[in-house]
Amino acid sequence: MKKNIILSVALAAATTMGLVSCDKSSPKMDDKTPASAQKSGECAKIAYVEVDSIMTQYKFCKEYSKILETKGNNIQKTLATKQQQLQAAAANFQQKIQQNAYTREQAEAIQAGLQKQNNDLQVLNQRLSAEFQTETENFNKALHDSLQHYLAFYNKDKKYSLIFSKQGDNLLYADKAYDITNEVVAGLNKAYKGKATADKAKK
């Protein structure tokens, strides 16, 4: 469950850094942009953000990941406990059967009860899994929206044509001159802190 959380969150973040519309009316390049990218008439101002840094340094992401991890662990414990109880009851039933401790009617009733417990456990598993999936999707959407919203705000002044996400080896080579990760993380955390303070003040 924990692994699924991490993968889901990471994949969500990896897809959030989309293309920012190209502003051809503002061809001026950022000071740190390599000269090779400064070609007259071309829209080539680009940057990238390290997804792993977003995952580990963005406060919203870190806090919500802990919430999902805790909920996932609780679901696992609940299902494991009920599964163990059912297995113990089934083992006891088999032992009693071998000892001829039940009449046929009693055995059939107990077996039906065990089958119902098993069915109920499957239903519970499906319900909890669906709830967890929904909450994970809500988090992914919130993360996506916050990143897109901030990048739109951030790019009003920066005017990048493309902002890539860099995760693992998905970019074969990336010049650090194009790395805006620290700026983006700092801006995200500042915006998130401000929102948290505002929400607290409303209560």
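1. Strand pairing. Strand 1 and strand 2 run parallel and are joined by five bridges. Strands pair here if DSSP finds at least two bridges between them. Helices (H or I, at least four residues) and strands (E, at least two) are DSSP runs, numbered from the N terminus.

2. Basis of the note. This is a predicted model, with residues numbered from 1 along each chain as its sequence is written. Local features need pLDDT of at least 70, side-chain atom pairs count only at pLDDT 80 or more, totals for chains, interfaces and linings use all residues, and side-chain values use heavy atoms, with hydrogens and water left out.

3. Burial of strand 1. Strand 1 covers residues 46–50, and four of its five residues are buried, so the strand is largely enclosed by the rest of the structure. Buried means under 20% relative accessible area, exposed over 50%, and partly exposed in between (1.4 Å probe, protein chains only). In a regular strand the side chains alternate between the two faces of the sheet.

4. Ala-47. This residue belongs to strand 1. Ala-47 counts as buried because its relative accessibility is 1%. Beyond its neighbours within four places in sequence, Ala-47 is in contact with Tyr-160, Leu-162, Ile-163, Phe-164, Tyr-178 and Ile-180. Contact means heavy atoms within 4.5 Å. The C-alpha atom of Ala-47 is separated by 9.2 Å from that of Ala-174, 127 residues apart along the chain.

5. Helix 4. The helix has 55 residues. From first C-alpha to last it reaches 79 Å, close to the 81 Å expected at 1.5 Å a residue. The expected span is 1.5 Å times one less than the number of residues.

6. The end of helix 4. Just after the helix, Lys-159 takes a positive phi of about 55 degrees. Lys-159 lies in the loop between helix 4 and strand 2 (162–166). With a relative accessible area of 31%, Lys-159 is partly exposed.

7. Asn-100 is not a glycine, yet its phi is positive, at about 55 degrees. Asn-100 sits in the loop between helix 3 (59–98) and helix 4 (104–158). Asn-100 is exposed, at a relative accessible area of 66%.

8. Aromatic pairs. How many aromatic pairs does the structure hold? There are 10. Phe-93 and Tyr-102 form a stacked one, 6.0 Å centre to centre with 20 degrees between the planes. Rings of Phe, Tyr and Trp (its six-membered ring) pair if their centres lie within 6.5 Å; planes under 30 degrees apart count as stacked, over 60 as edge-to-face and the rest as tilted. Phe-93 is buried at 7% relative accessibility, whereas Tyr-102 is partly exposed at 26%. Tyr-154 and Tyr-160 also form a stacked pair, with 6.4 Å centre to centre and 10 degrees between the planes. Tyr-154 is buried at 8% relative accessibility, and Tyr-160 is buried at 3%.

9. Charge over a ring. The charged end of Lys-45 sits over the ring of Tyr-160, 4.8 Å from its centre. The criterion is NZ of Lys or CZ of Arg within 6 Å of the ring centre and within 35 degrees of the ring normal. Tyr-160 is also among the contacts of Ala-47.

10. Aromatic cluster. Tyr-58, Phe-60, Tyr-64, Phe-139 and Tyr-192 form one cluster.
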